[in-house]
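Student: I have a structure open, and I want to learn how to read its features. Where do I begin?

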Amino acid sequence: EPGNYIINIKFADQHVPGSPFTVKVTGEGAGKHTEKITRKRQAASVATVGSTCDLNLKIPETSPFDLSAQVTSPSGRTEDAEIVELENCTYSVRFVPAEMGIHTVSVRYKGA
């Protein structure tokens, strides 16, 4: 929906450099109700190359068929990630890192 938004990106409950970001969205709104997506984590985990990583997200009123995810490695290689439906509108984005470093996870709703 159009408006001014503040986007917080955190790792281990600490803002990443530059966060929060301010974004202005323009154009016509879709007229849909807004939904809240939450991510909760007790503590940051350290992933091991070659082992499964799970990023759990709570996304109300959606289906795993409406979601897609990709992971971009530090070297810039992008691969599809698996979406696993858990319980109570919670989904896990699952991937296996092939190299050390920070990976970027992108989750899309209905291809948007």
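Tutor: We will take confidence, then salt bridges, then one serine.

Student: What does the protein chain average in pLDDT?

Tutor: This is a predicted model, and the average is 76. In the chain, 72% of the residues score at least 70.

Student: Which element has the lowest mean pLDDT, and which the highest?

Tutor: Strand S2, residues 10-11, has the lowest, at 64. S7 has the highest, at 93.

Student: Where does pLDDT stay under 50?

Tutor: Look at residues 40-44. The model has four contacts for them beyond four places in sequence.

Student: Now salt bridges. How many does a search of the whole structure find?

Tutor: First the idea: side chains of opposite charge can pair when their charged atoms come close. Here the search finds two salt bridges.

Student: Which residue forms a salt bridge with Arg94?

Tutor: Asp54 does, and the closest N and O atoms are 2.6 Å apart. Arg94 lies in strand S8 (residues 90-95) and Asp54 in strand S5 (residues 53-58), so the pair ties together parts that are 40 residues apart in sequence.

Student: Are Arg94 and Asp54 buried, exposed or partly exposed?

Tutor: Arg94 is partly exposed, at 29% relative accessibility. Asp54 is partly exposed too, with a relative accessible area of 33%.

Student: Which residue forms a salt bridge with Glu79?

Tutor: Arg77 does. The closest N and O atoms in this pair are 2.2 Å apart. Glu79 has a relative accessible area of 36%, so it counts as partly exposed. Arg77 is also partly exposed, at 48% relative accessibility.

Student: Now the serine. Where is Ser73?

Tutor: Find the loop between strand S6 (67-72) and strand S7 (78-85). Ser73 sits there.

Student: Is Ser73 buried or exposed?

Tutor: Apply the cut-off: buried means under 20% relative accessible area. Ser73 has 11% relative accessibility, so it counts as buried.

Student: Which side chains make polar contacts with the side chain of Ser73?

Tutor: Ser75 is one of them, at 3.1 Å. The side chain of Glu99 is another, at 3.3 Å.

Student: Leaving aside neighbours within four places in sequence, which residues is Ser73 in contact with?

Tutor: Those are Glu99, Ile102 and His103.

Technical notes
Residues are numbered from 1 along each chain as its sequence is written. This is a predicted model: local features need pLDDT of at least 70, side-chain atom pairs count only at pLDDT 80 or more; totals for chains, interfaces and linings use all residues. Side-chain values use heavy atoms; hydrogens and water are left out. Helices (H or I, at least four residues) and strands (E, at least two) are DSSP runs, numbered from the N terminus. Buried means under 20% relative accessible area, exposed over 50%, partly exposed in between (1.4 Å probe, protein chains only). A polar contact is a pair of N or O atoms within 3.5 Å; within protein, one must be able to donate a hydrogen and the other to accept it, and residues adjacent in sequence count only if both atoms are side-chain atoms. Contact means heavy atoms within 4.5 Å. A salt bridge is a side-chain nitrogen of Lys or Arg within 4 Å of a carboxyl oxygen of Asp or Glu. pLDDT is the predictor's confidence in each residue, from 0 to 100.
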